[in-house]
Amino acid sequence: MAGQSQHHIVPLKIYFAVFAALLVGTAITVWAAFHDFGALNTVIALAIAGVKATLVILYFMHVKYSKPLIWTFVGAGILWLGILITLTASDYFSRPPGQSHAPAAVAAPHAP
Amino acid sequence: MSEVPSALAHQFDDLEQQQESAGLGMWLFLLTEIMFFGGLFAGYTVYRVWYPDAFAAGSHELSINLGAFNTGVLIFSSLTMAMAVHAAQMGKRKQIILFLVLTLVLGCVFLGVKVVEYGGKGVFPGLIQAEHHLLPGAGFHFETQDPQFMNASPQHVQLFFSFYFAMTGMHAVHMIIGAGLLAWLIWAAYRHRFSPEYYTPVEMIGLYWHFVDIVWIFLFPLLYLLGRHG
């Protein structure tokens, strides 16, 4: 039947392959941190972390073998996290650094 | 007629529906956890972009060896947790217990390393000798001879450490809760509570444990690996 995650038994060698991939990803992340790739350093770190998280979600958490409703929940979580970070960033990064609110002169009401 | 009480609660049609409901409930909870940690990550993002030198200087104070070691420990613990669920699906009671105990031990190793890390920064005065006083507050003290971090404002470095302690601290709280859940799970497995037909608690606590691992997978590069080159 579709969506029976509890009866799908993941082969052990897939678990071992994911484990190895996670360790390799960690090693690459640490290696890359010691080399100057400029702005790419952050991109590399987040990309590798994203791949590792995806592997954990799909295989260790069995989402790959789960029904579409579970996929919807996982997708919703990622979507709302994306909204949180994107809207917060677009707010703060449209201001000068360090300025978390409008200057007092702007916030004061107009004189009658 | 079997004397063992059914694991099926009366409001469910069958065990499959019961397990799926549990899974949806746990995932919904994990979504709230994503938003909880997400708020901390969003705050971190703003201040890291605003004060990159201070964040690099703060990150440089952390032990990359301990951080990388702990990352490996948690990844290993996710493997042993997945093996525990696998053993539960196969009905192998002794293996369930073995892998749950391994997961718990690895979790405790992680927490032990965190105690060492925090201690070195002055979190446990009188108990652990502080090498640097990096706990935000009156006692916070940051100075560096490293030319690449001379521009870092100590106030902003203190901000980095506020995020460091808040994020790794909340993560550690989640690990401690997970350790408690694992201890209960080990006892329940020992008491023959699980079978291939019913192992839902093992799988649900496994989901929680993997989530806590994923949080660390992002925490490690963002907190420990800044300013390591150049």
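Student: How many of the residues of chain A count as buried?
Tutor: Of its 112 residues, 20% count as buried. A residue is buried if 20 or more other C-beta atoms lie within 10 Å of its own, exposed if 12 or fewer, and partly exposed in between, with C-beta atoms placed from the backbone. This is a predicted model, in which local features need pLDDT of at least 70 and side-chain atom pairs count only at pLDDT 80 or more, while totals for chains, interfaces and linings use all residues. Residues are numbered from 1 along each chain as its sequence is written, and chains are lettered from A and ligands numbered from 1 in the order in which they are written.

Student: And what share of chain B is buried?
Tutor: For chain B, 41% of the 230 residues count as buried.

Student: What elements does chain A have?
Tutor: Chain A has four helices and zero strands. Both kinds of element are DSSP runs numbered from the N terminus: helices are H or I with at least four residues, strands are E with at least two.

Student: Which elements are in chain B, then?
Tutor: Chain B has six helices and zero strands. Its C-alpha trace spans about 75 × 30 × 30 Å along the principal axes.

Student: What share of the contacts in chain B comes from residues 24 or more positions apart?
Tutor: They account for 74% of the chain B contacts with a separation of 6 or more. In chain A the figure for residues 24 or more positions apart is 59%. Two residues are in contact if their C-beta atoms, placed from the backbone, lie within 7 Å.

Student: Back inside chain B. How do H1(B) and H6(B) cross?
Tutor: The axes of helix H1 (residues 15-50) and helix H6 (residues 200-224) of chain B come within 10 Å and cross at roughly 15 degrees. The two helices are therefore roughly parallel to each other. Angles under 35 degrees count as roughly parallel, over 145 as roughly antiparallel, 65 to 115 as roughly perpendicular and the rest as oblique. The axes are lines fitted to C-alpha atoms, for helices over the stretch in contact, and angles run from 0 to 180 degrees between N-to-C directions.

Student: Which residues make that contact?
Tutor: Among them are Met26(B), Leu30(B) and Phe37(B) of H1(B), and Met204(B), Leu207(B) and Phe211(B) of H6(B). The contact of H1(B) with H6(B) has eleven nonpolar, two polar and one charged residues.

Student: Is Ile97(B) buried, exposed or partly exposed, and why?
Tutor: Ile97(B) counts as partly exposed because it has 18 C-beta neighbours inside 10 Å. Its place is in helix H4 (residues 93-120) of chain B.

Student: What does Ile97(B) touch?
Tutor: Not counting residues up to four places away in sequence, Ile97(B) touches Ile186(B), Ala189(B) and Tyr190(B).

How values were computed
Nonpolar A, V, L, I, M, F, W, Y, C, P; charged D, E, K, R; others polar.
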